[in-house]
Amino acid sequence: MNNVDTLKRAAAERALEAVSSGMIVGLGSGSTAIWVTRLIAERLQDGRLTNILGIPCSSMIEAEARRLSVPLTTLEEHPHVDITIDGADEVDPQLDLIKGGGGALMREKIVAQASAYEIIVVDHSKLSPILGTKWHVPVEVIPFGYGSQQHYLEELGARAVVRHRADGTVFHTDQGNIILDCAFGVINDPVSLAKKLKRRTGIAEHGLFIGIANELIVADTDGIRQIKRGQPF
Ligand code: 5RP
């Protein structure tokens, strides 16, 4: 494991202290949150945890959970999730987030909104004074007429680029939608921007997670910091 992976695992390990036997757990997506699924699998195997049911936030995490025999459920069977642990691409001092670097923003937001408690695990590189400083906003749009949404996003001030995979093909989400990565620059009023994104038909979801995270766990080279919403960074 390289240094960054060690930090990601350490953040996930700390977050896991909030998980108890019998819980319904939202399994976040990405290279940090995947550690949560792996650590839950370890603890189910050695008996430190029992009776956990996971709700994966992406097909990628679902595959990993199945590979590791973590029992899964759905929001149809269990509409109330006790806790979700997920990653983020950028976090501001209010614990508002940009997510969707891995393209799972829609399922991540659905599971987060169904959760009584949302913990975000990151390494220190994700901290930011103001959203948009480090990351673009991923916007998931349905393929039909997406050029119209691209134009709308550009009118809002973004450079909106269709996301591609490394092999040059267009990226499709788990829902079969496409992603427009929107460089807005620094976002002074994320609440207002989120409203403008939400009201446009054809935009399925966006990567601004406002008022959703209850707690942030940051892994730094000199240790782990645990910050609750309302506390300073
Ligand atoms: C996926 C996400 C991820 O949580 C986010 O991209 C962070 O990923 P990583 O931990 O790999 O940096 O939002 O849609």
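Modeller: Here it is. In β6, Glu118 is the bridge partner of Thr84. Keep in mind that this is a predicted model.

Biologist: How many bridges join β3 to β6, and do they run parallel or antiparallel?

Modeller: Three bridges, and the two strands run parallel. β6 covers residues 118–123.

Biologist: Which strand pairs with β3 in the parallel sense over three bridges, apart from that?

Modeller: Strand β1, residues 24–27. There, Val25 has Ile83 of β3 as its bridge partner.

Biologist: Which way do the β3 side chains point?

Modeller: Ile83 and Ile85 point one way from the strand. Thr84 and Asp86 point the other way.

Biologist: And those four, buried or exposed?

Modeller: All are buried, Asp86 and Thr84 as well as Ile83 and Ile85. The strand itself spans residues 83–86.

Biologist: How many bridges join β5 to β11?

Modeller: Two, and the strands run antiparallel. β5 is residues 97–98. Leu97 has Phe209 in β11 as its bridge partner.

Biologist: On to domains. What does the assignment give?

Modeller: Two entries for the protein chain. Domain 1 is 3–127 + 210–221, and domain 2 is 137–202.

Biologist: What separates their centres?

Modeller: 24 Å, taken over C-alpha atoms.

Biologist: How many residues are in contact across the two?

Modeller: 12 residues of domain 1 touch 13 residues of domain 2.

Biologist: What area is buried between them?

Modeller: About 940 Å². Carbon and sulfur atoms give 58% of that.

Biologist: Which element gives the largest share of the domain 1 side?

Modeller: Helix α4, residues 105–113. It puts three residues into the side of domain 1 that touches domain 2.

Biologist: How many salt bridges does the rule find across that interface?

Modeller: Zero between domain 1 and domain 2.

Notes
Residues are numbered from 1 along each chain as its sequence is written. This is a predicted model: local features need pLDDT of at least 70, side-chain atom pairs count only at pLDDT 80 or more; totals for chains, interfaces and linings use all residues. Side-chain values use heavy atoms; hydrogens and water are left out. Two strands pair if DSSP finds at least two bridges between them. Buried means under 20% relative accessible area, exposed over 50%, partly exposed in between (1.4 Å probe, protein chains only). Domain bounds come from an automatic or database domain assignment. Contact means heavy atoms within 4.5 Å. Buried area is the accessible area (1.4 Å probe) that two parts lose on being put together, summed over both. A salt bridge is a side-chain nitrogen of Lys or Arg within 4 Å of a carboxyl oxygen of Asp or Glu.
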